[in-house]
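Student: I would like a close look at one part of this model, the place where the two chains meet. Please take me through that part carefully, and then show me what lies around it.

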Amino acid sequence: MTNQHPSRRLLLAGLGAAGTTALLSGCVTASSSGKGSSGGGAVTLQSNLSAPQAKAAMEDLAAAYAKQGSGRASLNTVAAETFRTQLPTYLTSANPPDVLTWYPGSVADAYAKKNLLLDLSDVWASPDLKRYSTALNKLCTAASGKKVFVPTTYYWWGMFYRKSNFAKWGVSEPKSWDDFLDLCDKLKAKGVAPIGLGAGGNTTWVASAWFDYLNIRINGAPYHRELLAGKHRFDDPEVHKVFDRWQEVLPYFDPNGTAVAFQDASTALLNGRSGMMLIGTFFADAVPKNALDDIDFFRFPVIDPKVPLAEEAPTDGYFASARTGRRDKVFDLLRYLATAEAQEIYIKGSSGTALPCHPDAKDSGTPLVKKGRKHIEEAAEITQFFNRDSSDALQPATDTALTKFIAKPKSVGSILTTWQRDAEQIWRA
Amino acid sequence: MAVLTAPERTSPAPPPPRGRRARGPRRTPPLVLAFLLVPLLAEAVWVFWPALQGLYLALTNWDGVSAPEFVGLGNFREMAHDEVFRTAAVDTVLWLVLFGGLSALLGLGAALLLQQERRGVGFYRAALFLPVVFSLVATALVWQAIYQPDGVLNQLLESVGLDSLRHAWLADQDTALYAVIVPALWRQVGYVMVLYLAGLKGIDPALYEAAKVDGAGPWQRFRYVTLPQLRGVNAVVLSVIIIDSLRSFDVVWSLTRGGPYHSSELLSTYMYSTAFQSLRLGYGSALAVVIFVLAFGVIASYLVRAFREAD
C-alpha cells in the first residue's frame with residue numbers, strides 16, 4: 001500500500017515531464033499555432049527603447065494611455081541587443097507580447113510573409129492614420145497588401161559637428177564632395193581627426209551608414225534597395241565604385257574609429273578630438289543638454305548631381321503579434337499611439353531630436369530639429385538603414401566586410417567576394 | 001548435550017525464504033528512488049532532450065521562424081569549406097594551448113609559491129582567487145576600459161616613454177586574441193591555484209623528508225615527489241581547462257565579439273553569432289555539435305589513457 005503513493009506521484013511526475021518535454025519541443029522548433037494570451041488584462045508592450053531618456057518617455061506614454069481610460073498597456077523594456085536577437089522567439093512563441101517596438105519596411109514584411117504579424121488594416125482606417133503621408137502608408141504595407149505597422153517617429157542621419165568647434169577652426173559646411181575633401185584637409189592640418197566613426201565595441205553597424213550614403217549618392221536609392229534585397233551582387237562594379245570613393249576619404253578617418261563605440265566617438269566629437277561624424281540623431285541621448293544647442297549637421301555631400309537626392313530617415317513604431325489574444329485592445333492602443341498627442345508625449349519625454357509621423361504633431365521646435373525636418377522634406381528618396389532595408393541577419397557579415405575594408409582597403413576585391421558569399425548563405429537559409 | 005545444543009541456538013538465522021529474497025530490490029525506500037528519478041527526469045527534460053533537439057537541428061536549415069528544413073549533413077559539408085570555421089577552430093586550439101597551458105603553469109606556480117603557511121599568505125591567496133568571484137562580463141568591461149585607445153594601458157605606456165607601443169589592442173587583428181586571453185587568464189589562474197593547493201596539501205610530508213634524506217635537491221623533490229603526487233589533480237585540472245577553453249565565450253563576446261573580422265573568433269563565439277545574429281540556427285547547432293564532439297573526444301581520450309596508466 002505504502003508503495004502506491006510514490007508510484008502514483010512518479011506517474012504524475014512522468015506525465016508532467018512528458019508534457020513539459022512536448023511543450024519544450026514546441027518552443028524549440030515548431031511555429032505551431034496557439035491562442036496565446038487571454039483576452040483580459042493590460043496589453044503587453046515589449047520595447048527595445050532602453051536608453052534612459054527614451055525609456056522614461058515610453059513610461060510617460062503608457063501612463064498617459066492608462067489615463068485616457070480606454071485600456072492599459074503593460075510596458076516591458078528589454079535591452080536593444082537582447083530584443084533584436086529574441087524577436088523571432090517573441091513572435092513565434094505561443095504566448096507572445098501583444099505589441100512590439102520595431103521597424104517597418106523589409107524587416108516587418110519578412111515577418112508578415114510568415115504570418116506572424118497582426119493585420120492592422122482596421123487601425124489604418126482611423127482618422128489619424130488616414131492623414132499619414134503616402135510614403136509612410138507604403139512603408140507600412142506588406143507585400144500581401146495588408147497594413148502591418150504603425151509608424152510613430154522618425155529621425156535623420158547627417159554629418160554632425162559642433163558649431164563652436166567649426167568656428168574655432170575657421171571652417172564651414174561643405175557643399176560638394178570636393179569641398180568636403182578640402183574641409184578634411186583643413187581639419188587634419190589643425191591636428192584634428194576629421195571624421196569620427198564609432199564602429200567599435202558593440203556598435204560596429206555604424207560603419208554601414210558610410211556604405212549606405214556612398215551607395216545612394218553614387219548608384220541611387222533604387223539600386224541600393226535592390227542590392228540590399230539580394231537583386232544585385234556585392235561584388236558588382238557598381239559596388240566597387242562605392243569603395244573607390246570611400247578610399248578617397250579613408251585617410252581622414254579617426255584611426256580609433258573601429259576601436260570605440262559610437263558613444264565614445266560622440267564624446268571625441270564634443271571634445272573637439274574629431275571634427276564631424278556621420279550619425280543618426282539618436283546619438284543626442286549621450287549629449288549633455290547644455291551642449292545640445294551647439295550641435296549642427298550638414299547633408300552628406302552630393303557626389304553625382306544627376307543622382308536624385310536621397311537621405312536615410314529610419315522610421316520607428318510598432319507592430320503586433322498575429323497570436324495576440326487581445327486583438328481589440330491592441331487596436332485601441334495602436335490607434336492611440338498614432339495620435340498627435342501620443343507622439344508629442346514621447347518626443348517631450350525623450351531627447352527631443354526625433355520627428356513625429358503624425359502631420360499635426362509638434363516636434364521639439366529646436367533649430368536643429370527644424371533643419372532636420374527640412375532636410376528630409378527636400379529629399380527625393382528616403383532609405384531606412386542597412387539592416388532595415390536588408391535584414392538583421394545580414395548585418396554581422398556586413399560589419400565584418402566594412403571594418404575589414406577600413407583596416408585593409410587594398411583587399412577590397414576579396415572582401416566583396418566574401419561579403420557576397422556570406423550574403424548568399426544568409427539569403428538561402 | 002548442552003555443548004551440542006548451544007551452537008544450534010547461536011547459529012546464524014536461516015536464510016530468508018526464496019520468495020522474500022527475490023522481492024529484496026523492491027524494498028528500495030521510495031525516498032531514495034525519488035532522489036534518483038526526479039533528478040533523472042529533470043536532467044532528461046532540461047539537458048538530454050534539448051541536446052537531442054540540437055542534434056536534430058544540426059541536420060536542418062532553420063531561421064528560427066519558419067519550420068526547419070531537413071538538409072541531412074549539408075551543414076557539416078558547408079563547414080568543411082568554411083574559412084571562418086577554420087579560423088575559429090585554429091583560434092580555439094590556440095586558446096586551448098595558451099589559455100589552458102598558461103593557466104595550468106601559472107596556477108601551479110602560484111600554488112607552489114603560496115603553499116607554505118607564512119604570515120600574510122592568506123591575503124595573497126585571496127587576492128589571486130578574487131577574480132574568480134567576479135562575473136566574467138564585469139571583468140570584460142573593466143578590461144575593455146583598460147584596452148581603450150585612451151585607456152589605462154596606453155596611458156601607462158605613454159607615461160614610461162613607450163609611445164610607439166600604443167595600440168588599439170582590441171581593434172587590431174594582430175593583437176585582439178591575445179588581448180582577450182589576458183583577462184581570461186587573470187580569472188582562471190586563481191581557480192587552478194586552489195585546485196593545486198588542495199593537491200599539494202594532500203602530499204605526505206614524509207615523502208619530502210625521505211627525499212631530503214636521500215639527498216634530493218628542491219628541483220629533484222619537485223620532479224620526483226611533487227609532480228607524480230599531483231597526477232590525480234592534473235586530471236581534474238586538465239578536464240576543467242579543456243571544458244573552460246571550449247566554452248570560453250563571455251569574455252570574448254564582451255570584448256571583441258570575435259572580431260575584428262573574425263580574428264578573435266572561437267568556435268563558441270562563431271556558433272553564437274551564426275545562430276543568433278545571422279539567424280542560421282541549423283548551422284549554429286551543427287557548430288555546437290562539433291564543439292561537443294571535440295570536448296567529449298579530448299576528455300574521454302585523456303581519461304581512457306589515465307585509467308590505462310593507473311591499471
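Tutor: Across the interface of chain A and chain B, three salt bridges are found, a salt bridge being a side-chain nitrogen of Lys or Arg within 4 Å of a carboxyl oxygen of Asp or Glu. In one of them the side chains of Arg421(A) and Glu83(B) meet, at 3.8 Å from N to O. This is a predicted model, in which local features need pLDDT of at least 70 and side-chain atom pairs count only at pLDDT 80 or more, whereas totals for chains, interfaces and linings use all residues. Side-chain values use heavy atoms, with hydrogens and water left out, residues are numbered from 1 along each chain as its sequence is written, and chains are lettered from A and ligands numbered from 1 in the order in which they are written.

Between chain A and chain B there are also four residue pairs in polar contact, both residues at pLDDT 80 or more (a pair of N or O atoms within 3.5 Å, where within protein one must be able to donate a hydrogen and the other to accept it, and residues adjacent in sequence count only if both atoms are side-chain atoms). On the side of chain A that touches chain B, α1 (4-28), α3 (80-92), α19 (395-407) and α20 (412-428) each supply at least two residues, and α1(A) gives the most, with 10 residues; helices here are DSSP runs of H or I with at least four residues, and strands are runs of E with at least two, numbered from the N terminus. By class, that side of chain A has 16 nonpolar, 16 polar and nine charged residues, where Ala, Val, Leu, Ile, Met, Phe, Trp, Tyr, Cys and Pro count as nonpolar, Asp, Glu, Lys and Arg as charged, and the others, Gly among them, as polar.

The contact (heavy atoms within 4.5 Å) takes 41 residues from chain A and 34 residues from chain B. The area buried between the two chains is about 3300 Å², of which carbon and sulfur atoms give 60%; buried area is the accessible area (1.4 Å probe) that two parts lose on being put together, summed over both.

Asp360(A) lies in the loop between β11 (355-356) and α17 (367-377) of chain A and Arg131(A) in the loop between α6 (127-130) and α7 (134-139) of chain A, so the pair ties together parts that are 229 residues apart in sequence.
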